[in-house]
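Q: Can you walk me through this one? I'm new to reading structures.

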Amino acid sequence: MRLELDGVAVGYRGRKVVQDASLVLQEGEIGCLLGPSGAGKTTLLRAIAGFEPLLAGRILCNGQPLAGADVHLPPERRQIGMVFQDHALLPHLDVLGNVRFGLFRHSRAKAEARAREVLELVGLGEFSARHPHELSGGQQQRVALARALAPQPRLVLLDEPFSSLDPELRERLAVEVRDALKATGVGALLVTHSQAEAFAMADRIGVIGRGHLQQWASPYDLYHRPACRFVAGFVGEGVMLPARVVDERHVSTELGVLAADRQLASPAGSQVDMLLRPDDVVHDDDATLKAVIVRRHFRGADFLYTLRLESGHIVQALVPSHHDHAVGHAIGIRLDLEHVVVFEGPCEPAGP
Ligand SMILES: Nc1ncnc2c1ncn2[C@@H]1O[C@H](COP(=O)(O)OP(=O)(O)OP(=O)(O)O)[C@@H](O)[C@H]1O
């Protein structure tokens, strides 16, 4: 189904936690709500499921309102499946029983056939007779997904589905869950703290912070074209450097004159900020520009060096790990980018 949020505000006792949230999740797409703790991700998800009333705006499914000024469809009439953080599996039922649980409207034979079908889909066909305590955390989470998919929902909502698992398993499971969802063609919206999870799973990511949906975009655009400083700071690594507007397409920085990613509105001479990602800064022994290593973080394939420029400003550089330099060393750097992301005004909430 096509899910649309149009100017949605949600909160508690009349106090808005998130306001003016607008987004479109197309049929079969996987979306992800990302943001700091307490930003309102779960609250927004619960409003979509029908567990929280709206304070403003509308939620539409294929153009039909699920919630709005005079509408509030109860959760059971929304045909939306939900997977919770703690799986909420029934301990006394086996895997098949757990998945069949929501299929009470079907005949026993039909419910069993459907439950077996979705268990195959999530790769647990052989585990149907086990009880939840005989499964790993990742397997339990896949049972919870199978249970949510069994009644053929129009959309699945997942609230921090992998947060109880260790980091390595989380990313693997994120990919598996994405594959399972894509195989069914059912769209999904997931809440997470983890960028790695969001990048592994989502077609679209919404960054929530400071009471707003700051940006709703593809992972690529979120990383390369962040709409505001908040998103730039929250997604990926990088630093902000001060720059001055040269003309409507260029800024001047201590690293040279650089092309801006968009037409600039500020007049020449205005002070702006620019975003530099670690992959924009390349180590080059022949470069005339030098920077001193103040921190190094070994990551296997690369070092993430934190470097101090002559001005005292800090940049980061991702350098292949055979370039092993000590803290305090000055290394040559140059920029490797076509455009630089420039921020002129304060962080504004962005629309869909
Ligand atoms: N039932 C409730 N009554 C009153 N306030 C609540 C209730 N549930 C959540 N809140 C508040 O609403 C805000 C948003 O909470 P929410 O759980 O939606 O955030 P979140 O982004 O999902 O956070 P986390 O990532 O920590 O789970 C928080 O300030 C929280 O304290």
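A: Here is a short tour by topic. Keep in mind that this is a predicted model.

Q: Ok, domains. What does the domain assignment of the protein chain give?
A: The assignment gives domain 1 (3-230) and domain 2 (239-343).

Q: And what distance separates their centres?
A: The centres of domain 1 and domain 2 are 38 Å apart, taken over C-alpha atoms.

Q: New topic. Which residues are around the ligand?
A: They are Tyr-12, Val-17, Gly-35, Ser-37, Gly-38, Ala-39, Gly-40, Lys-41, Thr-42, Thr-43 and His-193.

Q: Which helix gives the most to that shell?
A: Helix 1, residues 41-49. It gives three residues to the shell around the ligand.

Q: How does the shell divide into nonpolar, polar and charged?
A: Seven residues of the shell are polar, three are nonpolar and one is charged.

Q: Now helices. How do helix 4 and helix 5 pack?
A: Helix 4 (residues 137-149) and helix 5 (residues 167-184) pack at an angle of about 20 degrees. Their axes are 11 Å apart.

Q: What does that angle make them?
A: Angles under 35 degrees count as roughly parallel, so helix 4 is roughly parallel to helix 5.

Q: Left-handed or right-handed crossing?
A: Helix 4 passes helix 5 in a right-handed crossing.

Q: Which residues make the contact?
A: From helix 4, Gly-138, Gln-141, Leu-145 and Leu-149. From helix 5, Leu-169, Leu-173, Val-177, Ala-180 and Thr-184.

Q: And by class?
A: The contact of helix 4 with helix 5 has six nonpolar residues, three polar and no charged ones.

Notes. Residues numbered from 1 in each chain as written. Predicted model: local features only at pLDDT ≥ 70, side-chain atom pairs only at ≥ 80, totals over all residues. Near = placed C-beta within 6 Å. Helix = DSSP H or I, 4+ residues; strand = E, 2+ residues; numbered from the N terminus. Nonpolar A, V, L, I, M, F, W, Y, C, P; charged D, E, K, R; others polar. Axes fitted to C-alpha atoms, helices over the stretch in contact; angles between N-to-C directions. Parallel < 35°, antiparallel > 145°, perpendicular 65-115°, else oblique. Left-handed = near helix turned anticlockwise from the far one by under 90°. Contact = placed C-beta atoms within 7 Å. Domains from an automatic or database assignment.
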